[in-house]
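Q: Please take a close look at one part of this structure, the place where the two chains meet, and then go on to the chain that lies on one side of it. Plain wording will do.

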Amino acid sequence: MRMRWRGLTLATGAILFAAGAHAAPATPEMLANACAGCHGTYGGSAGPTMPSLANQSKTAIVEAMKKFKSGERLSSIMGRLAKGYSDAQIEALGGYFSAQKFHPTVQTVDKAKVARGASLQEANCSRCHLDDGKDGKDDTPVMASQWLPYLQMQMADYLSGKRKIPEKMEEKTKPMSREDLDALLHFYASVK
Amino acid sequence: MTIDRRDFLRLLGAGAGAGALYGCATPGGAPAVGSSKELMPKTGRRVVVVGGGYGGTIAAKYIRMMDKSIEVVLIERNDHFVSCPFSNLYIGGIIKDLTPLTIRYDKLVANHGVKFVQAEVTAVDPAAKTVVTSQGTLKYDRLILSPGIDFRLGEVKGYDAAAMEIMPHAWKAGPQTVLLRKQLEAMKDGGTVVMSAPLAPYRCPPGPYERASMISFYLKHHKPKSKLILLDANPDVASKGPLFKKGWKDNYASIFQYMPAKKVTEVNASSRSVLIEGIDEVKGDVVNVIPPQRAGHIAVAAGLVGDDKNWCPVNATTFESTKHKDIHVIGDACIAGAMPKSGYSANSEAKVCATNVVALMNGKEPVELSGINTCYSYITDKEAISVAGVYAVKDGKIIGVPNSGGVSPGDYSQAKTEAIYAESWLRNILTEMST
Ligand SMILES: Cc1cc2nc3c(=O)[nH]c(=O)nc-3n(C[C@H](O)[C@H](O)[C@H](O)COP(=O)(O)OP(=O)(O)OC[C@H]3O[C@@H](n4cnc5c(N)ncnc54)[C@H](O)[C@@H]3O)c2cc1C
């Protein structure tokens with residue numbers, strides 16, 4: 001099966017190439033460059049609803065891709081794309097983007113909301129979203145400087161049940177008002 | 001177009017001094033003459049890229065990102081580029097001007113050291129590894145062509161440069177796009193708009209259907225007594241068929257009429273009419289003719305098109321022409337197997353080509369292609385549908401990776417979300433091209 005041998009070539013570095021042409025298997029960079037038309041060069045997004053992938057936690061990318069692929073995480077387009085990659089290629093993509101430089105976004109945030117969010121994050125979110133959202137531990141994504149409209153769309157999907165919210169995260173978000181949750185997103189988006 | 005002609009005229013008599021060159025003829029038939037003075041004497045290793053659109057900008061930038069020791073000269077006839085993607089939204093009145101669709105080249109120069117030359121490329125000499133431009137000649141080690149498309153005007157009788165000013169194609173974004181929009185605005189309510197689409201393959205398979213949706217959107221909201229007819233040479237909607245048809249039925253049933261297997265072979269500009277197979281005449285108040293296409297003139301003139309005489313066969317890993325060594329063709333002009341002729345494909349192909357041009361110039365093994373295409377089409381101002389694909393090479397051909405890709409869900413459950421993401425798609429891809 002095609003997918004399997006592509007994965008294998010990537011894992012073993014063996015060269016299996018047809019029709020006389022010699023070519024090395026797609027490198028992480030080759031794979032990732034194809035994503036950059038949508039997510040930005042090196043994964044730094046310029047479009048406010050498209051997430052930056054640069055400096056994202058490797059596990060968060062890999063988990064997201066696997067969930068897009070299986071359909072466990074709802075998506076508009078990523079599911080169709082993720083199905084084109086083997087697990088080994090998904091690892092390579094995660095490795096590539098997590099190694100890119102942090103991409104600070106220039107975006108407008110509400111100062112009062114940022115302040116409110118800053119006062120709430122420690123008690124509610126910082127256990128998992130470490131260091132003001134700058135550090136992505138395991139499958140917890142980096143949120144610092146992520147695009148606010150993207151974060152808001154994701155939070156809306158969590159709250160409506162379209163995206164399955166992690167149980168322990170829900171324990172924190174459930175009692176909070178929509179305004180406070182939004183304030184938290186303003187805070188994370190503002191972190192440089 | 002007018003700029004080109006003026007340039008040619010100014011240089012006429014300067015003499016190309018290049019008998020062995022693959023010459024280029026202008027649409028009007030007059031020989032395009034280049035200047036024979038060497039523009040920038042080549043000192044180190046150099047790649048020349050022709051075409052500052054979806055493919056060329058990315059190839060130029062990524063070569064510089066990957067290897068700063070290679071000089072990259074980007075040649076483009078205009079000092080700016082207007083994106084075809086989203087130009088249908090302008091035609092539909094959703095975007096008010098073309099500024100958000102326009103890029104310039106200054107940041108590619110400043111950020112990556114790409115050298116930009118504004119000139120018309122008039123000939124290529126594959127043996128001497130030289131391109132002739134309206135400003136002078138340039139030598140290259142490798143040449144990358146991303147010239148987009150030109151029209152096969154011989155197949156639509158009467159559709160000449162003058163007819164285009166009356167019945168615009170708007171299939172290259174810019175003045176033509178503005179002209180079509182102005183005509184729609186000037187049309188009386190109750191008028192008829194006629195569109196024609198060519199047989200595939202052509203630039204952007206879903207493009208004519210998105211345009212039909214956007215014109216219908218405009219008519220519905222501003223001129224509801226009007227009608228739109230699409231005469232499609234194809235036997236059926238060539239891309240995202242069921243999705244487009246649902247969108248038309250749900251939104252534009254009383255305005256839009258889709259007519260498959262109707263090939264326009266002739267136009268009559270003075271009566272604003274088109275002829276189907278030279279027989280049935282269809283008249284419109286506004287007529288948008290999308291003619292059949294082939295690789296940009298320069299690729300044809302350089303002897304790079306294949307047996308079909310229209311498109312350029314290339315190696316599926318390096319995008320090197322199978323006709324001439326050291327010349328690579330990407331974007332709409334090339335035959336990229338399963339990858340459609342789209343802006344996103346051109347972007348993805350450019351990166352694969354850049355990677356392998358750098359590898360070849362450094363004596364390294366090329367890297368196998370991994371590509372993506374994604375293309376959004378708007379149905380209304382707030383709903384869009386998409387097609388997506390992931391590509392790899394098998395047996396020397398570019399194929400879609402099995403069990404991946406496809407179109408949006410048929411029930412339009414994601415259409416509002418996709419309309420939002422599509423805006424960021426444009427922002428990111430144009431930012432990639434211009435910074
Ligand atoms: C209405 C419409 C809507 C579309 N929508 C989408 C979409 O939503 N998504 C998508 O992915 N694609 C879309 N496309 C397709 C997309 O525009 C093309 O596939 C893409 O532009 C191809 O890139 P390219 O580099 O091959 O050519 P282009 O982008 O056209 O670039 C070619 C450049 O080369 C220059 N050039 C050509 N010849 C010479 C010469 N001899 N000397 C100097 N300069 C020269 C031209 O001036 C031009 O700037 C659409 C197309 C149309 C018409």
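A: A salt bridge here is a side-chain nitrogen of Lys or Arg within 4 Å of a carboxyl oxygen of Asp or Glu. By that rule the side chains of A:Arg80 and B:Glu418 form a salt bridge, at 3.4 Å from N to O.

The model is predicted: local features need pLDDT of at least 70, side-chain atom pairs count only at pLDDT 80 or more, and totals for chains, interfaces and linings use all residues. Residues are numbered from 1 along each chain as its sequence is written, chains are lettered from A and ligands numbered from 1 in the order in which they are written, and side-chain values use heavy atoms, with hydrogens and water left out.

Polar contacts also cross the interface. Such a contact is a pair of N or O atoms within 3.5 Å; within protein, one must be able to donate a hydrogen and the other to accept it, and residues adjacent in sequence count only if both atoms are side-chain atoms. Between chain B and chain A, 19 residue pairs are in polar contact, both residues at pLDDT 80 or more.

The side of chain B that touches chain A draws at least two residues from each of α2 (56–66), α10 (343–361), β22 (370–378), β23 (384–394), β25 (406–407) and α11 (415–434). These elements are DSSP runs numbered from the N terminus, helices being H or I of at least four residues and strands E of at least two. With 11 residues, α11(B) gives the most to this side. By type, the side divides into 23 nonpolar, 21 polar and nine charged residues. Nonpolar covers Ala, Val, Leu, Ile, Met, Phe, Trp, Tyr, Cys and Pro; charged covers Asp, Glu, Lys and Arg; the others, Gly among them, are polar.

Counting contact as heavy atoms within 4.5 Å, chain B brings 53 residues and chain A 46 residues. The size of an interface is often given as the accessible area lost when the parts come together. Buried area is that loss for a 1.4 Å probe, summed over both parts. Between chain B and chain A it is about 3,900 Å², and carbon and sulfur atoms give 59% of it. B:Glu368, B:Tyr421 and B:Asn428 supply 18% of the area that chain B buries against chain A, more than any other three residues.

Within chain B, another salt bridge joins B:Arg104 and B:Asp79, whose closest N and O atoms are 3.8 Å apart. B:Arg104 lies in the loop between β4 (102–103) and α4 (106–112) and B:Asp79 in the loop between β2 (71–76) and β3 (81–82) of chain B, so the pair ties together parts that are 25 residues apart in sequence.

Chain B also has an open sheet of four strands in the order β13-β12-β11-β17, with parallel pairing. Two strands pair if DSSP finds at least two bridges between them. The edge strands, each pairing on one side only, are β13 (256–259) and β17 (286–289) of chain B. Strand β12 (residues 227–232) of chain B pairs with β13(B) over four bridges, and B:Leu228 has B:Phe256 as its bridge partner in β13(B).

Between β11 (192–197) and α7 (207–222) of chain B runs the loop that holds B:Pro201. The peptide bond from B:Ala200 to B:Pro201 is cis, with omega near 0°.

Note on methods
Buried area is the accessible area (1.4 Å probe) that two parts lose on being put together, summed over both.
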